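Me: I would like to go through the strands and helices of this protein with you. Here is what I am looking at.

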Amino acid sequence: MNITENAKNIIDNCRFCWMCRHVCPIGNATGQERNTARARAFAVSMVVRGSTELSEVADNMYECSLCGACTNNCMTGFDPKVFVEETKTELVLGGLIPDYIRALLEKYMACGNVYGAEVSDEVKALYREDGDVLFLAGTDAVLKAPETVGVALALLEKAGVKAAFTKEQDTGYALKFLTGKTEETRKAAIAFAAVLNKYKTAVVYDPADLAMLLHEYKEWGIEIKAELISFNEYLLSLIEDKKLAVKKGDTVYTLQDHFAYARELDDTESGRKLIEAVGTSRDMLLCGKEANLAGHLIMAEYMPEVIKNVALDRWQNAINMDCKTVVTENPAEYVFLKETCPDGCRVLSVEEMLLENM
Ligand code: SF4
Ligand code: SF4
């Protein structure tokens with residue numbers, strides 16, 4: 001198998017300490033030891049050593065959400081994202097991807113998205129090319145949580161922001177997740193950079209997209225001239241500039257930290273500052289840098305029950321700390337926490353939270 005020395009070193013650096021065992025959201029949801037960082041590394045190392053076939057580890061690679069919770073807990077700085085992505089690329093190049101992944105890629109080729117979904121008329125009605133900033137909602141929000149797009153744009157309008165919102169929403173994130181850093185992913189990124197570069201500023205709604213724009217685009221030398229700002233940071237700036245007139249009440253809110261904000265973007269504060277602008281922040285278990293996953297839209301296409309259990313586990317973390325109003329900062333977690341919301345609890349996106357305090 002053709003993986004980099006860096007990926008091999010990461011695999012070999014594991015000390016078998018098992019500190020990562022309890023943090024893998026997928027392992028916790030399935031109860032299977034194979035769904036841990038250590039076991040995934042062991043599986044790939046067997047392939048590298050020629051003890052097993054590449055095709056044998058395919059399912060295990062697609063069962064990793066790339067959330068990085070294990071990395072955060074690993075004394076060696078172990079980062080499975082590196083070898084999982086490289087192994088996915090090897091599977092693609094060798095024609096060895098599982099049929100359920102092939103089906104998603106075929107939908108991508110046919111429809112431009114892995115869900116095989118059409119943009120709703122309600123969302124299309126929001127398209128506009130001109131604006132002071134570009135609002136990048138991202139494919140997941142547009143197709144799987146379209147209500148959030150309307151609410152986010154309505155909030156920006158209340159702040160007097162003229163936001164462009166166009167049909168191009170694909171940063172290449174889904175291709176990267178399914179195939180790794182392939183040439184196809186890079187081409188999708190180059191095409192999207194051309195869209196971004198028509199604007200001076202882009203407000204990025206989905207932190208998974210923002211992390212890709214800031215990290216992988218840079219790694220590939222793809223120039224982004226637009227200033228990129230996260231949705232959370234942009235909302236904070238609007239509140240500070242008194243363009244968004246929110247009122248502070250006595251509601252207690254709990255942030256569901258998204259892993260891309262918390263770990264890839266090193267931002268565990270902006271969501272909490274937004275909460276503190278309108279209420280009181282109460283943390284649940286596994287928050288901040290320890291953020292635990294609460295949903296994943298692409299994985300739910302091929303392992304829906306597991307992803308539902310991931311969200312239910314997250315609710316258990318919230319309920320154990322008496323957290324009843326959970327605030328999400330990513331469309332995937334909004335969708336799955338809503339779907340699994342227990343009686344007496346509620347889920348709000350950050351924009352919904354601000355709107356209920358205006
Ligand atoms: S925490 Fe790191 S070193 Fe320990 S078992 Fe997990 S991956 Fe290996
Ligand atoms: S990146 Fe996340 S899903 Fe993958 S092994 Fe680590 S904790 Fe588990």
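Me: Which hand does the β-α-β unit of E7, H20 and E8 have?

Reply: The unit formed by E7, H20 and E8 is right-handed. A crossover is called right-handed if, with the strands pointing away from the viewer, the path from the first strand over the helix to the second runs clockwise. Helices (H or I, at least four residues) and strands (E, at least two) are DSSP runs, numbered from the N terminus.

Me: Before we go on, what should I know about the model and its numbering?

Reply: This is a predicted model, in which local features need pLDDT of at least 70 and side-chain atom pairs count only at pLDDT 80 or more, while totals for chains, interfaces and linings use all residues. Residues are numbered from 1 along each chain as its sequence is written, chains are lettered from A and ligands numbered from 1 in the order in which they are written, and side-chain values use heavy atoms, with hydrogens and water left out.

Me: What is the strand order in the open sheet of four strands?

Reply: The order is E6-E5-E7-E8, with parallel pairing; two strands pair if DSSP finds at least two bridges between them. Strands E6 (280-281) and E8 (346-349) are at the edges with a single partner strand each, so one side of each has no neighbour in the sheet.

Me: Where does H20 lie?

Reply: Helix H20 (residues 331-339) lies across E5, E7 and E8, at about 165° to E8. Axes are lines fitted to C-alpha atoms, for helices over the stretch in contact (heavy atoms within 4.5 Å), and angles run from 0 to 180 degrees between N-to-C directions.

Me: Turning to Tyr-253, is it buried or exposed?

Reply: Tyr-253 has 0% relative accessibility and therefore counts as buried; buried means under 20% relative accessible area, exposed over 50%, and partly exposed in between (1.4 Å probe, protein chains only). Tyr-253 belongs to strand E5, and its bridge partner in E6 is Ser-281.

Me: How many disulfides are there?

Reply: The count is zero, a disulfide being a pair of cysteine sulfur atoms within 2.5 Å. Cys-17 is partly exposed at 36% relative accessibility, whereas Cys-67 is buried at 8%.
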